[in-house]
Every structure is written in structure tokens, then in C-alpha cells.
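We will go stop by stop.

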Amino acid sequence: MAGLQPVRGTHDLLPDDSRRHRHVEDTAFQLVRRYGYGEIVTPIFEFTEVFARTLGETSDVVTKEMYTFSMKEGESITLRPEGTAGVARAFISNGLAQSLPLKLFYRGPMFRHERPQKGRQRQFHQVGVEFLGVADPLADIETVSMGFRFLEALGLGDKVTLELNTLGDQESREAYRNALIAYLDPFRSGLSEESRARLDKNPLRVLDSKDEGDKKIVAAAPLMTDCLTPSAKDYFDQLCQGLTDIGVPFTVNPRLVRGLDYYCHTAFEFTTTALGAQGTVLAGGRYDGLIGQMGGPATPGIGWAAGVERLSMLVGDIAATDRPVAIVPMGNAPQAMVLADRLRAAGISVELGFSGNMKKRMARADKADARAVVILGEDEMARGAATVRDLDSGSQTEVALDRLTEHLLAR
RNA sequence: GCGGGUGUAGCUCAGUUGGUUAGAGCGCCAGGUUGUGGUCUUGGAUGUCGUCGGUUCGAACCCGAUCACUCGCCCCA
């Protein structure tokens, strides 16, 4: 501990930051409520198996990014690296299969032990949604378009691109997997080291390799679309048509793959070029197999998550609302407190300077962005009044104390 | 986990080939105005030069290690 630094990859959110942060979260929840979502709050840690089993044993998140601790009792727990697994677990634990269909919103910190850089922290925040129980393209259309409307509500509609792909159903996926391996295997020695490893563990991931040599090989690889079953193809077509009808622009990216194993059918990603290497701002997909695989009743689901820090960086400053009124007493401190209490009870925010001469208190009122100052001077008090100064215009008038609340509310 | 860059006041940054008391702007504090802010003006305080160690008569400056930040890779929100 050199000096008093925060732990690597963690950050304090000072009021200016947290206001932006809160704006993103609140915008998300407000919008999502219009679609019928309720908020779920799950613990920020779970038994390690909850993540290990659902995310896929070979995923990067599980193999090297989890914050895992062993308890005295010998149990292993992990700080959540993402939200879906915990929600799925809560769904099973609480027997929520009785309540389908179900729309759940969550927000809060996530933890991944990665090397920090811009837009990537070890503790970061996400807002996310899970829509459980409907295996119909309509659910996909609603969920994806809701993501777009959320970004629009933040003023980011034109800064962001939606990429869309389908991973097909299980049959399609298996057929594609085989086709891909059959295509890639002869090129094995020409692939990068990492892609060779992926070829064995998770061949789909070879598709989005950034290695130039791999890109050339992959360019001619068979596409998922070639292997789709008729029903999987139809599912995807309906989604595309639905998004078009609703006016959500997108491009189909056949190479788009999700990092986590539980996805099928729809995969999508909203990206921006404004954040350097971390372009993904909101992403998700369909995960029909997940809950069954965890030991719950087979339940289809689709969802997305968005990075609050990344979005905060894009939205810029959020003006503080609710400018206060400042009270500046001239040697009448107890009366000032009583007056402040009365005004606050009436719904007015009040800034009460606690020390200093008048000049200093006026300066502090200005810094607090007060809209007006109530000056409690000896002369006015004797008449049962106070001076109210408008800090924007600089004009001031004397107002009777019993009319003060009314006067300040009127502005 | 791998590679590049950076680290001087609360913030943004200067600091000449190593040389004695380390600077600027903004911000902060106090005065000009003992009942009036935002402008102006005068003055003041800023600091383990990221940390530890080494070279040297002498290190903010050179070397090593370490920590943090940052950019990219990997991966992802």
C-alpha cells in the first residue's frame, strides 16, 4: 500500500461522476419500466460453480478473470463477473418458473480481474435486462429495440452501430461447428497459436480473430447462414424484419460471436468508435439452454447488459438540477436553521453557510449555484422580513418572513 | 498475462547538457469592501518531485526495481 491508493482497476465516483453514472442507470430503468420490467437485486457474490458452469469452462472470464475466494468452511465464492448467471440462479432458487413470462432489470458492480485500460476496470458497473419465458422472435425484437431506445434516450442513437447475427439453434450450431472444423483443419498449421487452441475448444471464436493471417483464412470460411435449419433461419428473418419495421437500423455481421457459451439464436452488439479499443457499449443475446443447464426447468431467455462507465464517458456532463436557495444570516444563526428547516419542509433545497463573514457566505452561495440568497439582516428582522437577492439578475427585494416560502416557490 | 508511453502543487502542465532557495496557469486562503457573490486588484500557502534502492561532491533530471495510470494485444460491458 504505497500512499493511499485505491486497489488497481477500482475508482471512486465523486459527485460529478456519480451524477452521470446515476443518469445512465436511471434512464435505463425508466425506459425499461415502460416495457414492463421490474428490478431484481441479487448478491454481488455467488458460489463459484454458478459462474463456472454457466459461462463455460473454457471462456476467458472463467479461466482467468474471476475474483474467487475460499471461505473458512471450504466453500469457494466468486465476485460476479456478469449479471445473467446470478439472475438465472435467483430464478431457480425462488421458483420463479411460476411467474413466467418474467422481465427483470438489474444494475450494479461487476468484477473482472483484467488489465485495466480506458473503458475497462476491474470493478465496473452494468445495467442489464433478462426476459425469461418467451421463445419467440417477438421477444428478440422487443429486447434488441429496447436496447436501441435506451441508447437513444441517452442521446447516443447516432454514435452507435448495431451488429446482429444468429448462432442458430442447437442443430444448426452443431452442423456449423462441424462444417467450420472441416474447413479450418487443413489450415491448422497456418493459424495463429491462439486460434489453433480455439479450434479445439471453441471453434466459433476463431471467426473473430484479429490476427491478419487468420482473417485471410477465415474470409472464405463457411458462414453460419449456410448451416441454419429452416426454422432457425426463419427465426432470424423475423427478427430482422421486425427491427426494420420498428425503425431500428442494424447490419448483419456473420462473424459476430459471443464470448460466453450459453448463447443461441440472436447475438447482438452495439458498438462505438469513440472509446478506443473498448467499442462495445451494450451487448447480449438469447440463451435458451442456460437455465435448464443449471438444473432448473427448461426456460428460454434473452437479455443484454450495458457498461455504465462506457456510457457515462459518451454522454458527457449532466447538469445538476434543483438549484438551492442559500440563507445568509447576520448573527442570527439559530433563526437561520429554523428558517432552513421550514423551507426544506416545503420542498426547497437550502444551502446554509456555516461560517465566515457575509462576503464569504455570498461567495459560497454562488459556488453552490444557488438561485437566490435570503439575507437575514438586523434591520429587516426587526420588521419581520428578510432580503431576497436573485443571484442571476442581482436584483433584491424585501419579503415578509411569513410570505417567504410562497415567494421562493413562485420562482 | 504480453508490449509501448507516462508519473513534478487539489487540477492542467513547464523545469534548459545532473548544480545550491523546484516554477506557471487554474483553483484555494486572506485583504481592498466591519451588510452583498459572479468581474477587477493586492498579497499568501501550496510539494514525501509516485515509492524504494543505486551512480555521483551533488539527482526532479542518469541507472535498476516496484507501484499506479495510460495506449495497444488478448478478451469483454
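Select Q170, E171 and A182: these exposed residues sit on the face of helix α6 turned away from its buried side. Exposed means over 50% relative accessible area, buried under 20%, and partly exposed in between (1.4 Å probe, protein chains only). Helices (H or I, at least four residues) and strands (E, at least two) are DSSP runs, numbered from the N terminus.

A word on the model before moving on. It is predicted: local features need pLDDT of at least 70, side-chain atom pairs count only at pLDDT 80 or more, and totals for chains, interfaces and linings use all residues. Residues are numbered from 1 along each chain as its sequence is written, chains are lettered from A and ligands numbered from 1 in the order in which they are written, and side-chain values use heavy atoms, with hydrogens and water left out.

Now colour S172, Y176, L180, Y183 and L184, the buried residues of α6. Look down the axis of α6: its buried residues fall within an arc of 85 degrees, so they line one face of the helix. The arc is taken from the directions from the helix axis to the C-beta atoms. What do the buried residues of α6 pack against? Show α7 (193-201), α8 (212-219), α9 (224-227) and α10 (230-246) to see their partners. Contact here means heavy atoms within 4.5 Å.

Next, show RNA strand B. It is surrounded by 49 residues, and the closest are R112, R198, R205, K360 and K367. A residue is near a strand if one of its heavy atoms lies within 4 Å of it. Sugar and phosphate make up 54% of the atoms of RNA strand B that come within 4 Å of the protein.

- K360: an N or O atom of its side chain is 2.4 Å from a phosphate oxygen of RNA strand B.
- E380: a polar side-chain atom lies 2.6 Å from a base nitrogen of RNA strand B.
- R389: a polar side-chain atom lies 2.8 Å from a base oxygen of RNA strand B.

Which element gives the largest share of the surface near RNA strand B? Select α14, which gives 7 residues.

Last stop: strand β15 (residues 385-390). Here 5 of the 6 residues are buried, so β15 is largely enclosed by the rest of the structure. Strand β14 (residues 372-376) pairs with β15 in the antiparallel sense over 4 bridges. Strands pair if DSSP finds at least two bridges between them. Find A372 opposite D390. Strand β16 (residues 396-400) also runs antiparallel to β15, joined by 5 bridges. Find V388 opposite T397.

Conventions:
Polar contact = N/O pair within 3.5 Å; in protein donor to acceptor, adjacent residues only side chain to side chain.
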